[in-house]
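Colleague: I am new to reading structures. Can you walk me through one, feature by feature?

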Amino acid sequence: MTLEVWPHISPEELQIKAAESLDRELEWIVQETMTLCHELKHGIEDCYALLAPIEPGSTLVMSTHRNEKVKGTITRVGTRLVKGTLSLQLRTLPPQQLTISALEPIHIPPLDAIFTNLTQSIDLLGLLLDSKPAPTADNIASALAALAECLAESAGLLKGSTSSEPDPAWQTASCPAHHFSPAMPPNLSFFTTLQESSIVLWLRALEPADAPVHFGVKLGLAIGTVRRLEHDEMDTVFRYDPDGDGSCEPKRGLGGSRTSGKRDREENVFVREKVRIESADPSLISLYSKLGFLSHMLGQARYNLAAVMGVELDS
């Protein structure tokens, strides 16, 4: 049994018809992808709104579980901590209270990076949708690849590190003392990051590496009446910068942050005590969920476009 096209056409004409069919299919998929780009832009604008600096923001409880080493609240507006009060009852420091200065909000570097990614994504889609003449399939594919990278990086920042090793960024990116009123004591490190869509705060009580050990402490350690607080950083000397690297500061145009031209005050320290506090942020949880949905939608669009173009996706 044989199958023939009727009326009969030559191989050359068949090739021309196939090319025309492929062109129509490519034109159709380009139109469908551009329609989807409108939906993506609206979705990313919703994500952007979750990080917009809109009052009153999100007030989060920041307290340690099963004890009262740290107890208090912080308020996040956009990518910044604008206010908060924490009462500390650490074993190696006198009881004290930290209050975030209303004049010096603390920027959370991963949230700043996500905000930048979302802004760039919206701008990219805006340029694509407003392009005259209409963008080609290659241009659309390139734009969607860059968009996918931005969304993946943003989701990765919200998820945070999965490594069990301590994040060394605290040594250079801890929050400087001037963000608190009164100023935070110099022997305390205040470091914020993200993990699993939660705000994570690390407090470290520090001691100069060359500080003399009191005879009474030495004797207590020897006979067992004094116990050292055991943790994974207890016997390591760290190079610590109390002024930070500027990541907690507002971005002030080309002039940079207030850390430009700062004195080098790095010092060698031991970590006497460390405490981790986390608080799930409903807005960040929603943001992570939306990014996942948009990434899935974007991935399907890129796959469909690549299939019609006859190319393979790099990622």
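Modeller: Start with the strands. β7 and β9 pair in the antiparallel sense, over eleven bridges. Keep in mind that this is a predicted model.

Colleague: Which residue in β9 is the bridge partner of Pro-208?

Modeller: Val-269 is the partner of Pro-208.

Colleague: With which strand does β8 pair over three bridges, and in which sense?

Modeller: β8 pairs with β9, in the antiparallel sense. Look at Tyr-240, which stands opposite Glu-267 in β9.

Colleague: Now the rings. How many aromatic pairs does the structure hold?

Modeller: The structure holds four aromatic pairs. To read one, check two values: the distance between ring centres and the angle between planes. Take Trp-170 and Phe-238, with 5.2 Å centre to centre and 65 degrees between the planes. Planes over 60 degrees apart count as edge-to-face, and this pair is edge-to-face.

Colleague: Which parts of the chain does the pair tie together?

Modeller: Trp-170 lies in helix α4, residues 170-173, and Phe-238 lies in strand β8, residues 238-240. The pair therefore ties together parts that are 68 residues apart in sequence.

Colleague: Is Trp-170 buried or exposed?

Modeller: Read the relative accessible area. Buried means under 20%. Trp-170 has 0% relative accessibility, so Trp-170 counts as buried. Phe-238 has a relative accessible area of 11%, so Phe-238 is buried too.

Colleague: Which residues do ring pairs link into a cluster?

Modeller: Trp-170, Phe-238 and Tyr-240 form that cluster.

Colleague: Next, salt bridges. How many does a search of the whole structure find?

Modeller: The search finds nine. For each one, ask how far apart the N and O atoms are. Then ask where the partners sit. In the salt bridge of Glu-68 with Lys-71, the closest N and O atoms are 3.7 Å apart. Glu-68 is exposed, at 53% relative accessible area. Lys-71 is partly exposed, at 47%.

Colleague: Which side chain does Glu-196 meet in a salt bridge?

Modeller: Glu-196 meets Lys-159, at 3.2 Å from N to O. This pair links distant parts of the chain, 37 residues apart. Glu-196 is in the loop between β6 and β7, while Lys-159 is in helix α3. Lys-159 is partly exposed, with a relative accessible area of 31%.

Colleague: What about Arg-204 and Glu-233?

Modeller: Their side chains meet in a salt bridge at 2.9 Å, N to O. Arg-204 lies in strand β7 and Glu-233 in the loop between α5 and β8, so the pair ties together parts 29 residues apart in sequence. Arg-204 and Glu-233 are buried. Salt bridges with shared partners join Arg-204, Glu-233 and Lys-274 into one network.

Colleague: How many residues of each class are in the lining?

Modeller: Seven are nonpolar, seven are polar and six are charged.

Note on methods: Residues numbered from 1 in each chain as written. Predicted model: local features only at pLDDT ≥ 70, side-chain atom pairs only at ≥ 80, totals over all residues. Heavy atoms only, no water. Phe/Tyr/Trp six-rings, centres within 6.5 Å; stacked < 30°, edge-to-face > 60°. Helix = DSSP H or I, 4+ residues; strand = E, 2+ residues; numbered from the N terminus. Buried < 20%, exposed > 50% of the residue type's maximum accessible area, 1.4 Å probe, protein only. Nonpolar A, V, L, I, M, F, W, Y, C, P; charged D, E, K, R; others polar. Pairing = 2+ DSSP bridges. Salt bridge = Lys/Arg side-chain N within 4 Å of Asp/Glu carboxyl O.
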